[in-house]
Amino acid sequence: MSEYLYIKNASQVITVSGSSNKPKVGREMSNIGVIENGSVLIKKDRIVLVGVNQAVEQYVNRLSEPVDVINAAGKVVTPGLIDPHTHIVFAGSREKELEMRLKGAKYIDILKAGGGILSTTAETRQASEQQLISETVPRLDRFLQYGVTTIEAKSGYGLTTMDEWKQLRVAKKLNEIHPIDLVSTFMGAHAVPNEYKENPDDFVQLIINEMLPLVAKEKLAEFCDVFCEEGVFTVEQSKIILVEGKRLGLLPKIHADEIVPFGGAELAAELGAVSADHLLRASEEGILEMAEKGVIAVLLPGTAFFLMAEPANARRMIEAGVAVALSTDRNPGSSPTESLPFIMNLACLTMKMTPEEVLAACTINAAHAINRAHEIGSIEVGKKADVILFDARNYQTLQYNYAVNLVDTVIKNGKVVVKGGVNVAKTEAFH
């Protein structure tokens, strides 16, 4: 097998280039670097050349080494898609809650009754590491077939020191054995467990005194996240946890203003969080403060869709200068999907984002939301060779054909892992 992989004759190459130092905001999100009749040359796991067909072909013809070729005629080439907000490591399922919601139950009501996050917590606590790996690998395989090459993976279904540790260990092992790269976030503050229901401040102290030091010591996560919401963690409790996490080297993220305006966006700005996520009910003040402080808005239109709620006001955020990223929010309760392309469809159809904006949101801006923009998120010389070939003649088709998987080929670290829509990569056996 050659060290070189030559993707030639694409109808379009979408580079999303020029924003590795900061995410795209405002009108920049529409500048996605379209090269008509383009080609990409990869050497080992890095991009070495991108441009129009003739220029790249001339370079390839001068090489003395053999070159593997993929003819991308009639296809669109983009950076690998990036999902910056998932809860992918868990046990069990919660399909019964859909019927409960259809009959009028609210998400917080289900949570208070012992369902929701707490239901998944009970099953995840009982699961072994091997069971969690076995249940998570098929989800990752589906992500890969949908063109996702990097995801963020949160803990938060353990809610004890050792069970949170277990979830993060599983994410670390999955990162080692699966083609998809996993970036870990500690989210011990995902819900208040039943045993602390009457004393939530004691649970906050457990997070601070036991969980965070262990996670930091063993370097099991890069970020710390909190569900800052009415009925979950207050703004004050969230701040205590995030400040301590930041002191220990874990960068802050916040589940903010999902159900009611709660001040989460303002807290994200105050702390200089990398991102604030959900934001369905974010205040005007919070949006403006996020724009001023450079906090990325990770929007989850699939969650709003599944919960039958109004989505976040993406247009207002973009107009205000907030960098917007998109995510599946893959979890068993409010967004059980691995289809990031469908989330991109929803962003257009329910939040009025343009096809250009959603591509920027799922590539370079998503990379910034997990501090990986120096390596991934665009097709540029020197970056990792994470590249997708879509069976489409132009990028607009990706949003026109909604709920259809147009992924033909996925290249991860320079290797073809999905071919003809079929996963050809083998996850290493776990021992």
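Q: Is His-85 buried or exposed?
A: A residue is called buried when its relative accessible area is under 20%. In this predicted model, His-85 has a relative accessibility of 0%, so His-85 counts as buried. His-85 belongs to the loop between strand E6 (81–83) and H2.

Q: Which residues is His-85 in contact with, leaving aside its neighbours within four places in sequence?
A: A contact is read from heavy atoms within 4.5 Å. For His-85, the contacts beyond four places in sequence are Glu-152, Lys-154, His-255, Asp-277, His-278, Val-298, Leu-300, Ser-327, Thr-328, Asp-329 and Arg-330.

Q: Which residues does UniProt list with His-85 for "binding site"?
A: Such annotations may be inferred rather than shown by experiment. In an unreviewed entry, UniProt gives His-85, His-87, His-255 and Asp-329 under "binding site". These residues are spread over 245 residues of sequence, yet they cluster in space, with a largest C-alpha distance of 12.3 Å. From this set, His-87, His-255 and Asp-329 take part in the lining of the largest cavity.

Q: Where else does UniProt place the feature "binding site"?
A: The unreviewed entry in UniProt also places this feature at Tyr-157, Asn-331 and Gly-333. Their span in sequence is 177 residues, but no two of their C-alpha atoms are more than 11.8 Å apart, so the three gather at one spot. Tyr-157, Asn-331 and Gly-333 are likewise found in the lining of the largest cavity.

Q: Where is Ser-238, and what is its relative accessible area?
A: Ser-238 lies in helix H8 (residues 235–247). Its relative accessible area is 0%, so Ser-238 is buried. Beyond its neighbours within four places in sequence, Ser-238 is in contact with Val-226, Cys-228, Phe-233 and Leu-267.

Q: How many salt bridges does a search of the whole structure find?
A: A salt bridge is read where a side-chain nitrogen of Lys or Arg lies within 4 Å of a carboxyl oxygen of Asp or Glu. The search of the whole structure finds 23 salt bridges. One of them joins the side chains of Asp-45 and Arg-46, at 3.9 Å from N to O. Asp-45 is partly exposed at 32% relative accessibility, and Arg-46 is partly exposed at 27%.

Q: Which parts does the pair of Glu-195 and Arg-125 tie together?
A: The side chains of Glu-195 and Arg-125 form a salt bridge with an N to O distance of 2.9 Å. Glu-195 is in the loop between strand E8 (181–189) and helix H7 (200–218), while Arg-125 is in helix H4 (residues 117–126), so the pair ties together parts that are 70 residues apart in sequence. Glu-195 is partly exposed at 46% relative accessibility, and Arg-125 is partly exposed at 26%.

Q: What separates Arg-139 and Glu-135 in helix H5?
A: These two residues are four residues apart in helix H5 (residues 129–145), which means that about one helical turn separates them. Arg-139 is buried, with a relative accessible area of 5%, whereas Glu-135 is partly exposed at 25%.

Q: Which residues are linked in a network of salt bridges?
A: Asp-181, Lys-384, Asp-386 and Lys-412 are linked in such a network.

Q: Which residues make the nonpolar surface patch?
A: Leu-98, Leu-102 and Met-308 make a nonpolar surface patch of about 290 Å². Among them, Leu-98 is found in helix H2 (residues 96–102). Leu-98 is partly exposed, as its relative accessible area is 32%.

Conventions:
Residues numbered from 1 in each chain as written. Predicted model: local features only at pLDDT ≥ 70, side-chain atom pairs only at ≥ 80, totals over all residues. Heavy atoms only, no water. Patch = residues over 30% accessible without salt bridge, like charges linked within 9 Å, V, L, I, M, F, W, Y side chains within 5 Å. Areas by Shrake-Rupley, 256 points an atom, 1.4 Å probe, with all protein chains shown as cover. Buried < 20%, exposed > 50% of the residue type's maximum accessible area, 1.4 Å probe, protein only. 1 Å grid on protein atoms, 1.4 Å probe; cavity = no way out; pocket = protein on both sides within 12 Å on 5 of 7 lines; lining within 4 Å.
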